[in-house]
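Work through these exercises with the sequence and the 3D view side by side. Try each task before reading its solution.

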Amino acid sequence: MFSCSCDTMVVMSDVTDDGSIIFAKNSDRQANEPLSTRYISSQNYPSNSKVKTTYIEIDQVEQTYSCILFSPTNIFGAEMGFNSCGLVVGNEALFTKVSSENEGLTGMDLVRLVLERCRTSREGKDEIISLINKYDQGGNCGFSSLMYYHSSFLLIDCSEGWIIETIGKDYAAKKITKGIYTMSNIISFGNLHTFDEYSENLIQYAISKDWCQSKEDFHFQKCYSGFSYHPKEFYNGFFKTHFACSHIRQTRSNELINKSNKKFNVIDMFHILRDHQYSHDNPSTGLTNIDICMHAGFGPIRFNQTTGSLVSVIPTTTHQIPTHYATCTSIPCLSIFKPIWLDPSIEPPRFLSSFDDRNLGNASCTYSLNSIWWKSEIVTRNLMQYYRRLIKQIEIERDELENEFILKSRKISLTNISQEERNQLTIFSFDKVDQLINVWFSRSSLLSFNTKSELSVWQELSWEKWRRAAKIPLSYLSYPKIDYGKNLILSTTLLLVIFILFWIFFMKNTIEQYVIVCLLLFNYVFIYQIFIKKTKRTMKSKIELPRFNFND
């Protein structure tokens with residue numbers, strides 16, 4: 001629960017260089033939790049149909065819109081996504097004094113349901129209010145550990161946006177038409193004048209709990225996540241919110257947008273999602289991580305990192321369609337944003353839309369070669385061992401490729417261009433990135449032969465634990481300091497064996513002791529052949545990653 005917040009933000013059309021609206025989100029989850037890129041096609045359903053969400057079954061609508069979701073693999077819903085109507089939605093966890101352990105709709109369920117059912121941000125806001133009022137919200141949203149929270153949402157379309165912050169069945173909402181707005185895992189609303197709509201019970205409940213005395217005294221953030229003398233309220237609200245470092249990150253994203261001396265553009269947004277305010281040299285160092293671009297590391301308080309990023313450019317004119325730039329991979333500073341479009345009548349490229357093994361966007365819970373996310377994970381985890389040596393060249397190549405994608409995307413985002421052409425650019429972009437990350441992997445592999453890893457032994461222990469849990473082959477990812485430690489232990493064992501042999505051979509001379517000597521020698525040979533030589537072979541073998549076929 002420490003330093004585990006996501007970051008979501010929007011820059012409205014009056015601030016951008018081309019009059020578009022730019023939405024962005026970094027999704028921060030546990031290091032081994034894949035974020036799948038999932039296409040959901042539009043559907044017609046019979047009346048009285050039901051749909052099973054993560055925990056509960058609810059009424060299905062008769063018609064849904066197609067959407068692309070960025071989803072944790074074991075979740076019905078999504079961290080963020082967009083639909084064919086041009087609506088974009090992202091959610092944030094809110095840690096409050098009110099329990100959310102009863103099973104209902106999760107915040108991620110609500111993201112998907114809104115994208116499937118709504119055309120505009122206002123419709124989406126109303127749908128969230130209706131759904132939580134009918135079904136409530138709650139349930140575990142963690143991966144390998146329990147994680148309960150309420151949710152806030154940022155909903156953006158081509159004309160306006162809505163922020164809605166929810167606690168159980170209660171909510172407050174604010175309309176956005178200009179300027180900027182940034183969110184993290186903290187309630188952003190304060191007094192009544194900071195939001196436009198709210199449920200009456202939101203304030204009445206706070207008064208009944210003595211968190212405030214009257215409507216005029218009500219402050220959303222202080223009432224529901226502020227300090228409390230009640231142990232459970234203190235832990236669920238104040239403690240979790242404080243140690244998620246959300247206020248620091250929200251302030252940082254706001255400052256970065258505001259300090260721009262020119263009109264804001266999509267490249268500026270990429271840079272913000274890659275911001276390392278407190279860890280310029282090596283983002284893996286330190287016991288905490290409060291950077292927007294989050295890296296996991298050593299210890300129980302750094303088990304989360306950015307597992308996927310999305311930047312959506314939503315034009316406010318009718319002659320263009322939205323362009324969505326997604327990494328589809330973790331760690332945005334070591335990933336490349338690639339353009340994706342969604343048309344209501346034509347499916348995205350097959351590698352994102354098929355429902356079989358050809359779908360490279362779907363990621364299993366553990367390592368799979370047939371996954372964009374897991375292949376990138378192998379590359380980034382190797383790169384992190386030599387981050388300081390490699391990052392400058394990576395930044396040059398990364399930015400050059402993204403600039404190329406953006407120039408081409410602007411030309412074919414016009415409505416008179418066919419969706420087939422846009423799909424071809426998506427395929428081209430993913431293929432170019434696949435080529436480049438293979439080059440990055442080769443560089444890190446070459447360094448592993450004669451360069452010391454920049455990670456501490458404690459960091460390597462954490463990553464090795466995650467490697468084993470994800471079932472990533474040792475041939476693709478190994479940590480030399482851990483291997484050195486193993487060899488040191490084995491060598492020490494060998495010295496001990498030699499000492500025992502020496503003592504037995506020169507001190508006594510019985511048949512039983514000769515048998516013991518033979519057994520000890522056999523044991524050493526076994527250890528040496530199986531462990532030491534195997535480790536050396538693994539470290540010295542040149543490994544190449546397979547390439548994906550995005551045209552299949």
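This is a predicted model: local features need pLDDT of at least 70, side-chain atom pairs count only at pLDDT 80 or more; totals for chains, interfaces and linings use all residues.

## Exercise 1: Helix α2

**Task.** How far does α2 reach from its first C-alpha to its last, and what is expected?

**Solution.** 
- Step 1: count. Helix α2 covers residues 121-135, which makes 15 residues.
- Step 2: get the expected span. Take 1.5 Å times one less than the number of residues. For α2 this gives 21 Å.
- Step 3: compare. The reach in the model is 21 Å, close to the expected value.

**Task.** Which residues of α2 are buried, and what do they pack against?

**Solution.** 
- Step 1: list them. The buried residues are S121, G124, K125, E127, I128, I129, L131, I132 and Y135.
- Step 2: find the partners. These buried residues pack against the helix α1 (107-117) and the strands β6 (57-59), β11 (150-156), β12 (161-167), β13 (170-176) and β15 (197-198).
- Step 3: look just past the end.

## Exercise 2: Helix α9

**Task.** How many residues of α9 are buried?

**Solution.** 
- Step 1: check the length. Twelve residues at 1.5 Å a residue should span 16 Å, and the end C-alpha atoms of α9 are 17 Å apart, which agrees.
- Step 2: count the buried ones. Twelve of the twelve are buried, so α9 is largely enclosed by the rest of the structure.
- Step 3: note the kinds of residue. Among the buried ones are W373 and W374, but also K375, E377 and R381.
- Step 4: name the surroundings. The buried residues of α9 pack against β3 (35-40), β16 (304-314), α8 (350-353), α10 (387-412), α11 and α12 (457-470).

## Exercise 3: An enclosed space

Rolling a probe the size of a water molecule over the atoms shows where empty space is left.

**Task.** How many cavities of 30 Å³ or more are there, and what lines the second largest cavity?

**Solution.** 
- Step 1: count. There are seven cavities of 30 Å³ or more.
- Step 2: list the lining. It has 15 residues, and T329, K338, I372, V433 and I437 are the closest to the centre.
- Step 3: sort by class. Eight lining residues are nonpolar, four polar and three charged.
- Step 4: trace the helices. Both α9 (372-383) and α11 (419-450) supply at least two lining residues. Helix α11 gives the most, with four.

## Exercise 4: The whole chain

**Task.** What share of the chain is buried?

**Solution.** 
- Step 1: take the elements. The chain has 14 helices and 18 strands.
- Step 2: take the cover. Of its 552 residues, 58% count as buried.

Methods:
Residues are numbered from 1 along each chain as its sequence is written. Side-chain values use heavy atoms; hydrogens and water are left out. Buried means under 20% relative accessible area, exposed over 50%, partly exposed in between (1.4 Å probe, protein chains only). On a 1 Å grid over the protein atoms alone, a cavity is a set of points where a 1.4 Å probe fits but cannot get out, and a pocket is an open set with protein on both sides within 12 Å along at least five of seven lines; lining residues have an atom within 4 Å of a point. Grid points are joined across faces, edges and corners, and a volume is the space filled by probe spheres set on the points. Ala, Val, Leu, Ile, Met, Phe, Trp, Tyr, Cys and Pro count as nonpolar, Asp, Glu, Lys and Arg as charged, and the others, Gly among them, as polar. Contact means heavy atoms within 4.5 Å.
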